[in-house]
Amino acid sequence: MLKRNNGSEMGYMQMLTTRSRHRSPMKKPTTMILLLCIFLLSAYYYFIHQLIIKGTLVCYIPFSSCGKCEKYPDSCDYLPPPAIERKYTNDEIASHVVVRDILNAPCLSKNPKIAFMFLTPGSLPFERLWDKFFQEHEGKFSVYVHSSKTKPLRMSRYFINQDIPSDEVHWGNISMFDAERRLLANALQDPHNQRFVLLSDSCIPLHSFGYIYDYLINTNVSFVECFEDIGPQGNGRYSRHMLPEIQMKDFSKSVQWFTLKRQHALVVIADNLYYSKFRAYCKLGFEGKYCIVDEQYLPTLFNIVDPGGIANWSVTHVDWSKRGWHPKTYGVEDVTYQLLNNISSVDVSMHVTSNMKKEIKRQPCLWNGIQRPCYLFARKFTPQTIDKLLHIFSNYSIN
């Protein structure tokens, strides 16, 4: 803000008085124009600075050398200074207290189990495969099924009477994550459930039960993918209506399929502050965008409340090489032992941004500091592949 100097102002008034007596038509009040320009320039940059603090802009210069204003413009010569820490709202303070106490709660179960949560329209075409997978491991797992359309008879003893109260689910709609929260709430009723795996009707296991159990139980992180996508299907879905609780720097992306430790599952169920923002402002077509809750909410939540508590990759393999709205589907002709072995051997996770550059971001899958295979499950397999998959699982040793 400009401050006037009284001495300068007096001199300036005397100069104007003198000029009024001897006015020359060729001279202009250049000092006044200069002061006005400085004032307007200062006001402009003060306004831009305030927008940055509030999170509505992420670059100081609207038309920078990047060509557009991106969150971390690596090719820009100019970067904004660190954002000033803001004061939290009362709702945020209350939420932080609850989350802190949940995350500090100890694990009380001496016989930890894994909750396998199936999200399906109705049938489970790989029920026989999962039955074979679960055999001889009773007491180490629980099964929960959310059927959004029909509830056909289950054949496996592990799936009979395991359907929870369900509701309709629509792709791209918040009803999808409502169903996931419903599964978590039911699974959390068993205090021995310490890990919560979300699976679809087209998912299959890639390893033996023992391998997966040790992999999940013997680490203290949740397997939630979380990365920054500066393209239209990532940060482009962000709405400023989510401010002040959710800022652009927090907005992240993931695949839908997660594995949570118990504390994180409780955080998801307890959260209303951030979820209400997604319910109101993350919708297909809202502000001309295609925000999808099940791809944005969970990584954004944990990026805010516990970024160090997630592994930053999903243990469920999905092939997005087609770069469309839906992943690759594996048919009978695709299913071979070599395919499953290749997927289960991958030890580097990869993310591709949705902007024009299609930047590839890779990171090793570090399990307790040791690089190990990333994936325990895989999708998307057609129902017709069941016999071939059963043959592979019966005739080959799968660790």
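Guide: A residue is called buried when its relative accessible area is under 20%, exposed when that area is over 50%, and partly exposed in between. The model discussed here is predicted.

Visitor: How many of the eight residues of helix α4 are buried?

Guide: Helix α4 spans residues 127–134 and is mostly covered. By the cut-off of under 20% relative accessible area, the number of buried residues in α4 is six.

Visitor: What is the relative accessible area of Glu287, another residue with a positive phi?

Guide: Glu287 lies in the loop between α8 (273–281) and α9 (293–305), and its phi is near 55°, a positive value in a residue other than glycine. Glu287 is classed as partly exposed, with a relative accessible area of 41%.

Visitor: Which strands stand at the edges of the open sheet of three strands?

Guide: The order of this sheet is β4-β11-β6, with mixed pairing. Each edge strand has a single partner strand, so one side of each is left without a neighbour in the sheet. The edge strands are therefore β4 (204–205) and β6 (316–317).

Visitor: Which residue in β11 is the bridge partner of His317?

Guide: Strand β11 comprises residues 377–378, and its pairing with β6 is in the parallel sense, over two bridges. In β11, the bridge partner of His317 is Ala378.

Visitor: What is omega for the cis peptide bond that joins Arg379 and Lys380?

Guide: Most peptide bonds are trans. Lys380, for its part, is found in the loop between β11 and α11 (386–395), and the omega of the cis bond joining Arg379 to Lys380 is about 25°.

Visitor: What accessible area do Tyr88, Ile93 and Val97 have together?

Guide: Val97 is found in helix α3 (residues 90–103) and is partly exposed, with a relative accessible area of 37%. With Tyr88 and Ile93, Val97 forms a nonpolar patch on the surface, and their accessible area together is about 260 Å².

Notes:
Residues are numbered from 1 along each chain as its sequence is written. This is a predicted model: local features need pLDDT of at least 70, side-chain atom pairs count only at pLDDT 80 or more; totals for chains, interfaces and linings use all residues. Side-chain values use heavy atoms; hydrogens and water are left out. Two strands pair if DSSP finds at least two bridges between them. Helices (H or I, at least four residues) and strands (E, at least two) are DSSP runs, numbered from the N terminus. Buried means under 20% relative accessible area, exposed over 50%, partly exposed in between (1.4 Å probe, protein chains only). Patches are made of residues with over 30% relative accessible area and no salt bridge: like charges are joined within 9 Å, nonpolar side chains (Val, Leu, Ile, Met, Phe, Trp, Tyr) within 5 Å. Accessible areas come from the Shrake-Rupley method with a 1.4 Å probe; for residues, only the protein chains shown count as cover. A salt bridge is a side-chain nitrogen of Lys or Arg within 4 Å of a carboxyl oxygen of Asp or Glu.
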